[in-house]
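Subject: Structure for your review

Hello,

Here is the structure I said I would pass on. My notes on what turned up in it follow below.

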Amino acid sequence: MTHRFNRTALREYDIRGIVGETLGEADAYAIGRGFGTRVRRNGGTRAAVGYDGRMSSPALEAALVRGLRESDVDVVRVGLGPTPMLYYAEATLEVDGGVQITGSHNPAEYNGFKMVLAHAPFFGADIQNLAALAESGDWEEGTGAVSDYTIIDDYVARLIAGYSGGAFRIGWDAGNGAAGEVIEKLVKLLPGEHHTIFTEIDGRFPNHHPDPTEEKNLADLKKLVADKNLDFGLAFDGDGDRLGAIDGEGRVVWGDQILSILAEPILREDPGATIIADVKASQALFDRVRELGGTPLMWKTGHSLIKTKMRETGSPLAGEMSGHIFFAHDYYGFDDAQYAAVRLIGAVRLLGGSLTALKDAMPAMVNTPEMRFQVDEARKFAVVDEVLDRLEAEGAEVNRTDGARVSTPDGWWLLRASNTQDVLVTRAEARDQAGLDRLLAMIDAQLAASGLKRGAQAAH
């Protein structure tokens, strides 16, 4: 038996597609066979499986479990919950890998699979290997057992282990995503006053899209914080691995700003530590880490790439502009928005007790959101290379870590190719609007020189 995946579903960091079009139960079964084969050939025998709240997730989970078992792998089903709960299961149970069925922050018709093998990210060449195994039918054979393990209460207890964040008045918006039940259990254990919205897990996402990196999705949380006069608000994406925050005045505290707050307590404990952020993060973050005595490291965007770099450098903390926050300090090194929320509450208490005051103290920068526009798949990396060649010929100050990040007296701008879609990503940051306009003009000039222009915004 062989299987061929739709190539568009094979992403850099996961497998993801539109259910019924580019992804289905046959794919889930093949992923089970391929991942189970990798577990066995890595010397393992057991894998944990979790799933998010999408309507298609139970059927995909059943097919995945069947594929794993028929590759002679024992399956531990940990049930419905956020992706970090599956990561926690993989880190703490006697298993050799884990698979979470999740469409992450994508629209309701999407679903996908995130994997971890032997406590390490499973991505890139690993995902291409699953496709090769499927096309050749080179799968292990056997009959694995299946068991259920309810891990949610263990996970929630671990989230608040050693909590010292004090009592605040906080709003929580789960966006009808997979973290809803976890958040309801968590707030019952936290001191203070907590108001939750949209914690009912509903894969149709009836209230708003569960992506806290888009400010429009924070409107309900802003209203809750304003109406109840709360200290601040926290928001979560569809599978609970990305955190959003607003202060008491309803201002967004962006992912890189959250990271700058989280870094300070850690650098007090671990002076000189390496703090990693992706190339989309503000220069103000890297400057702040250096000011606090840390070692800032700019790295490539992508949760698997960040986790791998943390292991290489011994970094206790890393983050992405998109709200993925990774703690290796007193935790397991994976991105967990629920844990990051608990640590943020603690950091706010330690740093004076007001997220609003911390936001006030941050340098005022003028920046664009992440701008994404479609480009032919065959051209996207070539365009970035052309831009880099021109910039370096002009003597520009360019960082090549992940695409082109260009520093000028006005600030900086970024152009990079998405690893997961036929999309170019750009962002710019300056000290004032006039500077930002000049940076955007530079971006547009470089795109024009490669026969492109910024078009309509592409979805994630």
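One aromatic cluster is formed by Tyr-87, Tyr-88, Tyr-155, Phe-327, Tyr-331, Tyr-332, Phe-334 and Tyr-339. Please keep in mind that this is a predicted model. In total the structure holds 12 aromatic pairs. A pair of aromatic rings is described by the distance of the centres and the angle of the planes.

Tyr-29 and Trp-139 make an edge-to-face pair, with 6.3 Å from centre to centre and 90° between the planes. Tyr-29 belongs to helix H1 (residues 25-41) and Trp-139 to the loop between helix H4 (125-136) and strand E7 (146-148), so this pair ties together parts that are 110 residues apart in sequence. Tyr-29 and Trp-139 are both buried.

Phe-327 and Tyr-339 are also edge-to-face, because their ring centres are 5.4 Å apart and their planes stand at 90°. With Phe-327 in strand E16 and Tyr-339 in helix H11, the pair ties together parts that are 12 residues apart in sequence. Phe-327 and Tyr-339 are buried.

Lys-309 lies over the face of Trp-299, 4.0 Å from the ring centre.

Four strands form an open sheet in the order E14-E13-E15-E16, and the pairing is mixed. Strands E14 (295-299) and E16 (325-327) are at the edges with a single partner strand each, so one side of each has no neighbour in the sheet. On average, neighbouring strands here are turned by 15° against each other, direction ignored. E13 (residues 274-278) pairs with E14 in the parallel sense over five bridges, and Thr-274 has Thr-295 in E14 as its bridge partner. Helix H10 (residues 303-313) lies across E13, E14, E15 (317-319) and E16, and runs at about 165° to E13.

Last, the cores. The largest nonpolar core has 68 residues, and those with the most contacts inside it are Trp-172, Leu-234, Leu-243, Ile-261, Leu-317, Phe-327 and Leu-344. Helix H11 (residues 337-350) supplies the largest share of this core, nine residues. Beyond its neighbours within four places in sequence, Leu-243 is in contact with residues including Pro-212, Leu-234, Ile-258, Gly-323 and Leu-344. Another core, of 33 residues, lies apart from this one and includes Ala-28, Ile-31, Val-65 and Val-75.

Regards

Conventions:
Residues are numbered from 1 along each chain as its sequence is written. This is a predicted model: local features need pLDDT of at least 70, side-chain atom pairs count only at pLDDT 80 or more; totals for chains, interfaces and linings use all residues. Side-chain values use heavy atoms; hydrogens and water are left out. Two strands pair if DSSP finds at least two bridges between them. Helices (H or I, at least four residues) and strands (E, at least two) are DSSP runs, numbered from the N terminus. Axes are lines fitted to C-alpha atoms, for helices over the stretch in contact, and angles run from 0 to 180 degrees between N-to-C directions. Contact means heavy atoms within 4.5 Å. A nonpolar core is a set of buried Ala, Val, Leu, Ile, Met, Phe, Trp, Tyr and Cys residues joined through side-chain atoms within 4.5 Å. Buried means under 20% relative accessible area, exposed over 50%, partly exposed in between (1.4 Å probe, protein chains only). Rings of Phe, Tyr and Trp (its six-membered ring) pair if their centres lie within 6.5 Å; planes under 30 degrees apart count as stacked, over 60 as edge-to-face and the rest as tilted. A charge sits over a ring if NZ of Lys or CZ of Arg is within 6 Å of the ring centre and within 35 degrees of the ring normal.
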